[in-house]
Amino acid sequence: MFKVPSEPNDGMQKQGSETDIDEGLYSRQLYVLGHEAMKHLQTSSVLVSGLRGLGVEIAKNIILGGVKAVTLHDQGTAQWADLSSQFYLREEDIGKNRAEVSQPRLAELNSYVPVTTYTGALVEDFLSGFQVVVLTNTPLEHQLQVGEFCHSHGIKLVVADTRGLFGQLFCDFGEEMILTDSNGEQPLSAMVSMVTKDSPGVVTCLDEARHGFESGDFVSFTEVQGMNELNGTCPIEIKVLGPYTFSICDTSSFSEYIRGGIVSQVKVPKKISFKSLLASLAEPDFVITDFAKYSRAGQLHIGFQALHHFCAQHGRSPRPHNEEDATELMAFAQHVNAQALPALQQDSLDEDLIRKLSYVAAGDLAPINAFIGGLAAQEVLKACSGKFMPIMQWLYFDALECLPEDKEALTEDKCLPCQNRYDGQVAVFGSALQEKLGRQKYFLVGAGAIGCELLKNFAMIGLGCGEDGAITVTDMDTIEKSNLNRQFLFRPWDVTKLKSDTAAAAAHQINPYIQVLSHPNRVGPDTEHIYDDSFFQNLDGIANALDNVDTRLYMDRRCVYYRKPLLESGTLGTKGNVQVVIPFLTESYSSSQDPPEKSIPICTLKNFPNAIEHTLQWARDEFEGLFKQPAENVNQYLTDSKFVERALCLAGTQPLEMLEAVQRSLLLQRPETWADCVTWAYHHWHTQYSNNIRQLLHNFPPDQLTSSGALFWSGPKRCPHPLIFDVNNPLHLDYVMAAANLFAQTYGLMGSQDRAAVAVLLQSVHIPEFIPKSGVKIHVSDQELQNASASVDDNPLHLDYVMAAANLFAQTYGLMGSQDRAAVAVLLQSVHIPEFIPKSGVKIHVSDQELQNASASVDDSRLQELRAMLPSPEKLRGFKMYPINFEKDDNTNFHMDFIVAASNLRAENYNIPPADRHKSKLIAGKIIPAIATTTAAIVGLVCLELYKVVQGHQQLESYKNSFMNLALPFFSFSEPLAPPRHQYYNQEWTLWDRFEVRGLQPNGEEMTLRQFLDYFKKEHKLEITMLSQGISMLYSFFMPATKLRERLDQPMTEIVSHMSKRKLGHHVRALVLELCCNDESGEDVEVPYVRYTFR
């Protein structure tokens, strides 16, 4: 008999050489790295030398990543300047060894990673015990000694350094590193439509989508009919000929191609070689971070060597903004350049750049350390795992745009140390900015991965840490185990606590002076009484730390309305982006959007899946349709007296379908016992995986031909086969167990995990023989499905109706409407309209008299019959059903058990390779892959923009939007776009402009609609043709005369309240009104919105 899987183990167990990965903790990172890479991490010991701000950032990220062990090395003691960026040092730690103080705090991050300290010299015997060595804040002489030893002994080396606004990174992973996957992207696949017999053979793919391959990729073939030699061969290198074609090997001696085939990309391991630090120092290769600063890498390579010479001679860094030291550093740089090999030697040194390096080299900035530390930690993970392309071999970065736009603003006397926690930052920016940072009031929306990193950086730089300063953070979520892998302010004992409260408390531990107010609220229209005019007007800026586009768009609209700066960022695995939004200077977040995700055609989901993504989406739809929607409908029927009345008003056959579903749930399928639930699940298994497939094959037999003579089951249409239930097949029983338990849960019945008992129970369940029916219509394409009903896509009038009706229907329920016709057209493609078959015997009345005399129609009779059969809510008093909301991260709730079984059974129907639980969870759960390294680096870039925002930079070129992909590695920095400019008459305007209208007149009375219209005619020479507020039309030139007369002399807010059918809250001081206007010549002109203030 079968053993029920026990609850997934909460820790990692090691049995011999096998290492179990805690998927509950590492789930989001596993979707970035994969299981094999994670196993390599868990066999790698890492040394991090130097525990100032940069070292602790690297250590934090690799401990979260889950390496085997981390040793912290530092022979120095904590100084005041360290507190600018070393977030695990406290003021009481001054004078103590940095590694020893940091160790217990770093060890808390991941109980699976032992963290130890070492304060001796880096001798060879000690170094030989590590797979990776990381050096930070290390003199060049020591770097070279360690570098030569590591290179000759196969130990991978990462060298990282930050100096004020500058960063440096070097990697040496040996002469023969095996790279298993250079980019981390999912392997591509395509369907084959033709392969020629030629030298080389040319493969043509189906023209449904571009194949996406690149020359040099390797591919393999399966399911090719005819040219069988291609199936199962070793990976073949290809040359791309076009978006649908590529060439392969010599196929001239192969059999004739007949049909079919799937071509899949194969990740082939390759060897890459690194030079030692000494060799690479003389002949460097650079990864460019900012192509607008292409020549700076070579200049900074010289500059950093000069800086090492300066520090070696003086025992200190150049003094902040000291001209004498800058001149001396320049002399060192010229000497280094003169000695350099021709490949490195610069024609002329950039004196301004070298002097700025000197000015800020004594500084220690948390955002720079976050960025370089995130990159360096990712390189460590690459070194351990062989996953992703390493940095080859030098990377330099600077953020000089953060310095004041007024070049004369900073002098040496303004940047002197004061023996406080901000000395490292004051050395770069001076004391005036430090005071200004302390006074800032910021709103942080979200306390997840990005939110935690932002709060850490805010605490380190002193944002909201002074008198009158404050940070407000809101997040409605509670902490889950999977958060701990990257939301580093949380600990295992914080699970189930509110993120916002816990993150605020953790930020206070980092800097006791930070003022953080935590809220458990979702931002949106429902909380505008909390985040009202007073709240936003009191802010200096907003930072988003969100994981969904809708809330981002909402916050963007609020920032535009209140004219506040917005720092926007996001991550997806190793990819990340930053956008800075500055009032009147840049476009907003909403100005450009990604294209919508491509949806799966309905007919593909229903009848013709060809990929595991299709079967997983089908399984998710099944989950909603079986365990959520029926229960919600029943509960509405039981609690809402108008439910049936509203159902009868639905279009087409929906009233019948809705009431039949309620009847099924309350009468026909309502279980009384656990055995009833098992019986239901068993019957449903046969319906989905046997009967429906047999009906499909009855309609379209395997040898069916199309009208053109081609096989119907070819190309993307995979011919299915019905399954026969086998109680000894674990997947079959998995489905019944999961479906029965979930079905029982919706009725509040006890389930069971006794697989053996269920197997016995199934032997007594009778499944009636299924006979396919003739005349059942199955649509073979979405186009046919759309053509079967009235199409609105190509006829503007059809779409006009849907737009108007949907908006009015929404308005009756107080919901937000939309004027986005394109979005509605896309939405309509996913709406299923049942095929309508005209019925005989339907009576259509031709006169009112006949209508009065007539009896109920056939449909009415069926509806009345259903209404009569349904038990009255009074008879079911106390009964309710329990809708199930899908939750992917609980391994005990049967949700993912059902999804995996339902999807893989359907995949088996169609001979699609199945997906394991891990991959199924990613796709069905729409999980966003995440890793701490990317988050840290991105937030570092966000906070560099924050420096500029707080200083009030006014030049567009000072700001940087950024995108990066640490896997490649690739970096792109660009100047934000200015907002598009519009014009009416001679008045230019952008999205940041608006009409300000004071609705409250001097006499204390509010402006009427007539006065509002007259105001625009008189003050702006604009005739308003339409006026709206939200989805409510307040005025239009085509409004009926009687309605217009009634409205003209009403106060504006009275009209709004009447149209929206709700009173304006006391927190609402102003309304946003949208206008359509004509100018004096009668031409339609585009104008800004109106802010109508009435309180």
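Is Y735 buried or exposed? Select Y735: this residue is buried, as its relative accessible area is 0% (buried means under 20% relative accessible area, exposed over 50%, partly exposed in between, with a 1.4 Å probe and protein chains only). Before moving on, note that this is a predicted model, where local features need pLDDT of at least 70, side-chain atom pairs count only at pLDDT 80 or more, and totals for chains, interfaces and linings use all residues. Residues are numbered from 1 along each chain as its sequence is written, and side-chain values use heavy atoms, with hydrogens and water left out.

Next, colour the aromatic rings. There are 54 aromatic pairs in the structure (rings of Phe, Tyr and Trp, the last by its six-membered ring, pair if their centres lie within 6.5 Å; planes under 30 degrees apart count as stacked, over 60 as edge-to-face and the rest as tilted). Pick F443 and F536: the centres are 6.2 Å apart and the planes stand at 80°, so this pair is edge-to-face. F443 belongs to strand β20 (residues 441-445) and F536 to helix α16 (residues 533-537), so the pair ties together parts 93 residues apart in sequence. (Helices, H or I with at least four residues, and strands, E with at least two, are DSSP runs numbered from the N terminus.) F443 is buried at 1% relative accessibility, and F536 is buried at 2%.

Y689 sits in helix α23 (residues 674-699) and Y735 in helix α24 (residues 730-746), so the pair links parts 46 residues apart in sequence. Y689 is buried too, with a relative accessible area of 0%.

Switch to cartoon view for the sheet. Eight strands form an open sheet in the order β22-β21-β20-β23-β24-β25-β26-β27, with mixed pairing (two strands pair if DSSP finds at least two bridges between them). The edges are β22 (516-519) and β27 (970-974), each pairing on one side only. Zoom in on β24 (residues 566-572) and β25 (residues 575-581): they run antiparallel and are joined by seven bridges.

Last stop: charges over rings (NZ of Lys or CZ of Arg within 6 Å of the ring centre and within 35 degrees of the ring normal). Select K717, which lies over the face of F608 at 5.3 Å from the ring centre. Then try R906, over the face of W618 at 4.4 Å from the ring centre.
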